[in-house]
Every structure is written in structure tokens, then in C-alpha cells.
Amino acid sequence: MTDFRARVFGYKRASHTGTDAYAVLEKIPIFQDLSRRELASIERILHRREYVPDEVIIRQDEPGLGMYIIESGKAAVLSEPDKVRLSDLADGDFFGEVSLLAETPRSATVAATTHCRVLGFFQSDLFSLIERDPRLGVKIVVRVAKIIGDRLRKANQQLLTVSDELRRARQQTEPS
Amino acid sequence: MSSPVLRPRAEVAPLLIAMVLAVFLLFVGGAAHIVILSLLLSYILDPVATMLESRGMSRTLATIIIVLGLGSLLVLGSVVLVPAVFEHLKTLQSGSTTAQAASAIADMELFARDKLAFLGLGDINLGERIGEMRQAIGERAIAFLLSDAVSLLINAVTIPFMMFFFIKDGREMKKRMVSMVPNRYFEFTLDLLSKMDMQLGNYLRGQFLDAVIFGAMSIVALWILGVNYFVFLGVFAGLANLIPYVGAIAGVVPAALVAVLGSGNLSSAIPVLIAYAILKMLDDFVVQPFAVASSVHMHPVLVLIAIIVGGELFGILGMLLAVPVAGFLKVVLQEGVSTYRKYRFS
């Protein structure tokens, strides 16, 4: 009866498969501090995929449609065409969040290195969430924007450091 | 709970079998038009459910409200329209002609003898022909209504029932279908579906809104002009307006004929023709730019082929559904090809 009322009048109980996903989602900065109800709404729109070792999850230069969260397993970030290993990813790590706001080509390839379970969160689902639950949708968008802003600030700082080092190196090598 | 990872080839096989089975069942079972109509209606009404959801309602309650609303409209329409339809059909079946209609027919005969004799229409007996035609149409329509009453009733129950589940569980159904796609084609499928959704959603909802507005404008115009059966003729004009090129003519001809037969004067077709010309201009320059956000451009030959094929498969309903379905297939093909090019499938 409670279940029927919940289904008809709005509150929806967590699905059985959702409980594992909550633990992972709560650790992701984008979904931190969301209520159980909000997490349940997110969990319902996530796509669960499984990859075997060496299987590619996303490919460099292909359209970026959204982000992936590693629920369990390990993956590697590779730069094409030489497949240079840029970094490693493990449980709870996420990638591709910029694509949630803008459909940009993937900047690197990510391939599973072990058996991998991932959760996919895509732009089309985020936009549809904004339409039916604007409060939650805006919360997510603001957090993604904040993460991208932080990353941009860090990138700017690194760029400044690198250009300073370059300038110093040039001064040292120039004949006096 | 984890499901074992299937290799692409193993995953494609059940998907293909399911698709072939679905197509087979649809066409052999003769339920295709019911499914297509339910899908189209759910697709058109989906934003209403989303809007209700954004106001804090659950999807289920939103869907119940939509289906009940549509059901009430249908019941109301049936209560008002069905007795009137039977009354009109009985008059048609009797083949009797009013004095005004007889005079109009005589005028038309005279016109044909004087002006169109060179086409071999000099000895045409229009009165007799029209009488026969009316009787045949009336008999056929009554036979159709009586013999197909059961299937009409079944459709009236099945379509809202299917619509309910398509609207309520549509997202989940789409998610489950996508989950069957092999990893390599997963993002491509999502990309394709979201682009199709954008294009088709705008197109179908726009067409539907345009048909409703055009139908309502026609009803008002015919009512002002005092044309009989203005509600049927207006609804028919609205539906016919869904069909590009031919729709406008298909909508105006019956209205002009009814006006002539009702008044007994050939010249009474002129106000109807002028009214429809104004309505069509209003539709093209005012309604369509607002209602139809994106149009799926189709070549006139493609439209005609679609209408013929639709008519052959599912009769009048098929003719009406042919253009939206052809538009759907065109978008699928176009978006499929352009999205495919962005992926490095080898």
C-alpha cells in the first residue's frame, strides 16, 4: 500500500540496484550533499555499463555526450595516437564532466584495465532532469560549472608557472 | 547485482531477433496502426507529463491526469457527435435530395453541358450519379460502423491503455533498449536518439498543434458562413492539413460541396473558397512559424508515395499517419548518417 501511494503521489523508493550506486554517487563532488530523494532521481537516469579489460570506454576525438563514474574496477587515460598513459582511474573516479554542459570532442581515450563497472550520466538526461525537476537540475549544473571553474583556475595557474619558467630559462640562455 | 558482460556479437543477436519479431508481430498482427498512433500521441503529450512533473507531481499521477483528460474529451465527443453522425449517415443512405441540392445539381449539370461538353461531359446525369454515390457512401459508412464497432471499441480502450504505459514508462523503456546496445555503439545510439528526439519532438508537436488550430479556425469560419456539418468539415480540414500539398485541397473540396448542396446555389462555394484561402494564408504566415518550430522538408513525390503506401496499408488512418511516419524515417536516416560520421567505427 505504501509502495502504491509512493508511486502514485510522488515519493519513490530506492531501487534495489540503486543502493550500491548511492555510496559511489555520494563521493562525487557533483552529487555531494544531495538528499536521498535527489540521489534516487539521479540514479534513475544513470546508465550502468560493464567493460572487460582493454575495452575502450570513450575514444579521443569522438563526440563527448556526458560523464562516466567508475563504480568498480580500474581504467587508464590514454593519449592517441601513441596511447601514452596520462593517468590511472579507480573506484569513485570520474571523467568527461565537461561534456555535461557542452558537446565537445573527447580530449583523450579511456580504456578499462580490469573488469570495470561504470555509471554514465549524459547531457540529454541532465537537460531532461532540468525540465522536470529544475531545482535539482540547477544544483547539478552549478556544481559542474564550479568544478570546471576550479579546473580552469588551476590550469591558468599552471600556465603562469610554466610561462614564468620559460621566461627565466630564456633569460638564462640569452647571451649577455 | 551484476550481470555478466556480453561480447558485442552475443548482444546484437537477441536485439536483432527482438526487432524482427516486433516488426513481424506488428504487421502480421495488424496492430501496427494502434501502436503507431499510441506512440505518436504519447510522444506529443509527453511534454505535458514533464510539465506536471516539474510542478511536483509524480510521473504516474501526471500520466493518469493526461489519459483521463483525453478520455473525457473522447467520451464527450462521442456523446455529442455519434448521434449526429448516424443521423447524417441515415440521410445519406436514403439517397434523398433536398430541393436546394437538386437545384444546385441542375446548375452544375447545365454548367457541365455548356462549358465542359468538349471533355465528353455533355450528357452527364449528375443528379443520378450523386444520388448513387451518396447512397453507396452512406451504406458503406453504416456497414463499417456496425461491423467495426467492436474493433473501434477495442481501439478506444487499447490506445489510451498503451498511451498510459508509453508516457509513464517511456523513459525507462528507452533506457532498457539502450542498455542492450553493445558498448562500442552505446554512445552513438544515445547521441542519435537525443538528436532524433529534438528534431522529431518539435516536428510532431508542431504539426499536431497546427492541425488543432487549423481545425478550430475552419470550424469557426464554416459556422459563420452557415455551412452544414461545420464541426465534421472543420475537424476533417484540420486532419487533412497534416498532409502537405494535398491536404489543403482535400479540406476545402468537401466544405465547398456541402455549401453548394445546402444552399442550392453554385456561387455559395465562393465564400467557402475565399475563407479557406484566407485560413491557409493565416496558417502559412502566422500559425506555422509559431507552432512548427522545425519542419522536416520532404519532396512532394516522397509525400505522395508515403500517402499511397499508408493508404494501401491502413486506409484513411494510414494516409493521415503516412506523412509523420515518413518524416520520422527521414529524420532517423538523416541523423543516423550524420551522427555515424562523427564516430570512428572501423
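## Helix packing in chain B

In chain B, helix α2 (residues 32–54) packs against α11(B) at an angle of about 45 degrees, and their axes lie 11 Å apart. Axes here are lines fitted to C-alpha atoms, for helices over the stretch in contact, with angles from 0 to 180 degrees between N-to-C directions. Angles under 35 degrees count as roughly parallel, over 145 as roughly antiparallel, 65 to 115 as roughly perpendicular and the rest as oblique; α2(B) and α11(B) are therefore oblique to each other.

From α2(B), His33(B), Ile36(B), Leu37(B) and Leu40(B) meet Phe314(B), Leu317(B), Gly318(B), Leu321(B), Pro324(B) and Val325(B) of α11(B). The residues of this contact comprise eight nonpolar, two polar and no charged. Ala, Val, Leu, Ile, Met, Phe, Trp, Tyr, Cys and Pro count as nonpolar, Asp, Glu, Lys and Arg as charged, and the others, Gly among them, as polar.

## Basis of the model

This is a predicted model, in which local features need pLDDT of at least 70 and side-chain atom pairs count only at pLDDT 80 or more, while totals for chains, interfaces and linings use all residues. Residues are numbered from 1 along each chain as its sequence is written, and chains are lettered from A and ligands numbered from 1 in the order in which they are written.

## Chain A and its interface

Chain A contains five helices and eight strands; helices (H or I, at least four residues) and strands (E, at least two) are DSSP runs, numbered from the N terminus. Buried residues, with 20 or more other C-beta atoms within 10 Å of their own, make up 26% of the 176 residues in chain A.

In the interface, 22 residues of chain A are in contact (C-beta atoms, placed from the backbone, within 7 Å) with 23 residues of chain B. On the chain A side, α1 (2–9), β1 (47–51), β8 (116–122) and α4 (123–132) each give two or more residues, and β1(A) gives the most, with four. This side divides into eight nonpolar, four polar and 10 charged residues.

Notes. Contact = placed C-beta atoms within 7 Å. Buried ≥ 20, exposed ≤ 12 C-beta atoms within 10 Å, placed from the backbone.
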